[in-house]
Protein chains: 2
Amino acid sequence: MARKNFSEKREAIYSLIRNTKTHPSAEWVYQQLKDKYPNISLGTVYRNMAMFVEQGLIVSIGTVNGRERFDADTSLHAHFICDECEAVIDLDYLPYDRELDDSVALNTGHSVKNHSVFFHGKCRKCVEKSFI
Amino acid sequence: MARKNFSEKREAIYSLIRNTKTHPSAEWVYQQLKDKYPNISLGTVYRNMAMFVEQGLIVSIGTVNGRERFDADTSLHAHFICDECEAVIDLDYLPYDRELDDSVALNTGHSVKNHSVFFHGKCRKCVEKSFI
DNA sequence: AACGATAACGATAATGATTATCGTTTACAT
DNA sequence: ATGTAAACGATAATCATTATCGTTATCGTT
């Protein structure tokens, strides 16, 4: 799983993102790593996240309540965003419709790279909680 | 077009948003109004935007490069976002698929309110520019 | 018209996320 | 061991947004 020439911190950040489904923010990553690396800097996390995005290792899936969220699964897939707890959940079972991109390009004259779909609402856990 | 009990500034902000297709940010609205109202405050724009969203008169369509963008067309429709010039363009000809919301709710157990679709790429104008 | 209550405002400070800076440390090749 | 470049930690700076607070405008009532 380790990558070419990654420093210890960089590797730790990357493998943490790879091995979580939480679509983390930089702050979240920082909080997770503070235990194992007590002197890690938040700036280091931001710096490495930006580099991962730059290199296509991860993608930014936009911002939830002002905080940028990342995904190590770079395939095009939809997400569910819980407006209550800010959870971002994969909906990778939904097929990606590339023909839709072509159709929009044809209809509008814009050059379409891709599209993203975000479902909003209350996640299952939050729905259950509200019944207690 | 004027609304119930709107102050002059509030009315100006609201009708500006209504009469543009740019999906403006708070800063953009502020810049537009500075000529006519030289002493208008950016805080006033933010305050009123928040109130319009609160009351359902406009919606936030998320953030583009860190700046929140608004839409006075509160109907559910897709948008094209130009990654070069930050233009946000309506794709209101695309039908909204409410059954998709039901299907996701059924498949995941989340309570789905709605979904939003963002196409990314280069808008027609930017494509043309790059050929000059 | 004057009064008082309330809403809205302008100016500005505060916040929070992100980015930049800069001196130091690490890793690694010579 | 030394030199070089990459990476780091600490911290300052930036940028969008939100909060504060004293002042001003609005409006209904007298």
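Tutor: Begin with a cut-off: a residue is near a strand if one of its heavy atoms lies within 4 Å of it. Keep in mind that this is a predicted model.

Student: Which residues come nearest to DNA strand D?

Tutor: There are 13 residues around DNA strand D. A:Lys9, A:Arg10, A:Thr44, B:Tyr46 and B:Glu68 come nearest.

Student: How do the residues of that surface divide into nonpolar, polar and charged?

Tutor: Two are nonpolar, six are polar and five are charged.

Student: Which helices and strands supply at least two residues each of the surface near DNA strand D?

Tutor: Chain A brings helix H1 (8–18) and helix H3 (42–54). Chain B brings strand S2 (67–71). H3(A) gives the most, with three residues.

Student: Which part of DNA strand D lies within 4 Å of the protein, sugar or phosphate on one hand, bases on the other?

Tutor: Of the DNA strand D atoms within 4 Å of the protein, 78% belong to sugar or phosphate. The rest belong to bases.

Student: Now the two chains. How do I describe the way two copies are related?

Tutor: Two copies of a chain are related by a rotation about an axis and a shift along it. Here, a rotation of 180 degrees with 0.0 Å of shift superposes chain A on chain B, with an RMSD of 0.0 Å. The copies are therefore related as by a two-fold rotation axis. In chain A, the C-alpha nearest that axis belongs to A:Val117, at 2.3 Å. The same surface serves both copies, as 100% of the contact residues of chain A recur in chain B.

Student: What domains does the assignment give for chain A?

Tutor: It gives domain 1 (1–74) and domain 2 (75–132). Their centres, taken over C-alpha atoms, are 22 Å apart. Each domain of chain A puts 11 residues into the contact.

Student: How do I express the size of an interface?

Tutor: It is often given as the accessible area lost when the parts come together. Between domain 1 and domain 2 of chain A, about 870 Å² is buried, and carbon and sulfur atoms give 44% of that. On the domain 1 side, A:His23, A:Ile61 and A:Asp73 lose the most area to domain 2 of chain A. Together they make up 44% of what that side buries.

Conventions: Residues numbered from 1 in each chain as written. Chains lettered and ligands numbered in written order. Predicted model: local features only at pLDDT ≥ 70, side-chain atom pairs only at ≥ 80, totals over all residues. Heavy atoms only, no water. Helix = DSSP H or I, 4+ residues; strand = E, 2+ residues; numbered from the N terminus. Nonpolar A, V, L, I, M, F, W, Y, C, P; charged D, E, K, R; others polar. Least-squares fit on C-alpha atoms with pLDDT ≥ 70 in both. Contact = heavy atoms within 4.5 Å. Domains from an automatic or database assignment. Buried area = accessible area lost by both parts, 1.4 Å probe.
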